[in-house]
Amino acid sequence: MSSIEYFTKVREQTISFCKHLSIEDYSIQVATFASPAKWHLAHTTWFFETFILKNYVQDYAEFDANFNFLFNSYYNNVGSRILQANRGNMSRPGIDEVYKYRAHVDAKMQDFLTNLNDEKILDLVTLGLNHEQQHQELLITDVKYMFGHNPIFPVYNKDFNLIKDVNLNKNSIKINSGLYKIGYQGNDFCYDNELGVHQVFVDDFEINNYLVTNDDYIEFIESGAYSDFNLWLDDGWSWVNKNKINAPMYWHKIDNEWHNYTLAGLQKVDKKAILCHINYYEAHAFAEWKGMRLPTEFEWEIAAQQLNWGKRWEWTNSAYLAYPNFKKENGAVGEYNGKFMSNRMVLRGASVATSKNHSRHTYRNFFNPTERWQFTGIRLVK
């Protein structure tokens, strides 16, 4: 696939998801961590304009001088920006203007890519496309959060449930103790936080080749687990009580039966389906209740070649820290991953919302332990 074809395919995928949105849906921001669809569409475009077109296309005129302030996310090297919590305050520019912005940048990028042979710049384009794929998943989860907190639970698309997958087997895999290499070792794209191949020692462990199901978790709930402080980390217990949590995100008990919001609307919980939308604290408490534990990210990576994975982002028991010899790039690109290496836990795998060809067994996703609007699940180890 040529660089132009790759670029066009990824960009069109973002637009494709938005075909089921109404004008009103584009600008709403329900929570600080969930950005409006319009902002995602503009921000992913801003990335190419800011890091490529402005730097490498002679006499390039930016589409709108205000957009750097409006659609920069967290790159301090690029300049000031609006607060994340205020992204939903922008009724202007309208969505039509944002789509014109995308069309303008796409045309300029396609022209630029036509005869581009500079490997360094092509690598930056690839980073931009992987960045857009990350935002494609965030677009799905943010729209779900918006609809899932609408009192009438709107249907995004009746054929877009996403959370009905079931386990294919119920076996476990034994891994022998020893030294194992961790980190990305290929020649294709990866993020900087995957680099720094190094050895780790692990003891014998046995990891489930299946994920926790809704039925499993209902047992956990009905045992009184959300009221049993013995199961919870102290921070987790504080989170449960402060927020009055008693079930996964999007679950509602109606007429004594559990329902959950899906992008296909509010539906009865499928007990056989794989659990979704829980945070690290809930995953840790469930493991404690089962007398097991979560895998470390190293155990997960060592076992990954033998595992069925890709339906849920899987919480690990590893804090998000730098690998040995981790290096940050100079400038704004160096802000991509390294500065977030505190107060976050690593998730491994991928989810049903992850874009195609955007997953690797070395991929290190990371979120705050309280967050659960992503398509997250639990795999256990003993």
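This is a predicted model: local features need pLDDT of at least 70, side-chain atom pairs count only at pLDDT 80 or more; totals for chains, interfaces and linings use all residues.
Residues are numbered from 1 along each chain as its sequence is written, and side-chain values use heavy atoms, without hydrogens and water.

H1 (residues 3-17) has 15 residues and reaches 22 Å from its first C-alpha to its last, close to the 21 Å expected at 1.5 Å a residue. Phe 7, Val 10, Arg 11, Thr 14 and Phe 17 are buried in H1, that is, under 20% relative accessible area with a 1.4 Å probe, protein chains only. Down the axis of H1, the buried residues fall within an arc of 130 degrees, so they line one face of the helix.

The largest nonpolar core has 92 residues, and Met 109, Val 143, Tyr 217, Phe 220, Trp 315 and Ile 378 have the most contacts inside it. Such a core is a set of buried Ala, Val, Leu, Ile, Met, Phe, Trp, Tyr and Cys residues joined through side-chain atoms within 4.5 Å. Helix H5 (residues 119-148) gives the largest share of this core, 12 residues.

An open sheet has three strands in the order E5-E6-E7, with antiparallel pairing; pairing requires at least two DSSP bridges. Strands E5 (251-254) and E7 (265-268) stand at the edges with a single partner strand each, so one side of each lacks a neighbour in the sheet. Four bridges join E6 (residues 257-262) to E7.

Definitions and conventions. Buried means under 20% relative accessible area, exposed over 50%, partly exposed in between (1.4 Å probe, protein chains only). Helices (H or I, at least four residues) and strands (E, at least two) are DSSP runs, numbered from the N terminus. The expected span of a helix is 1.5 Å times one less than its number of residues. The arc is that of the directions from the helix axis to the C-beta atoms.
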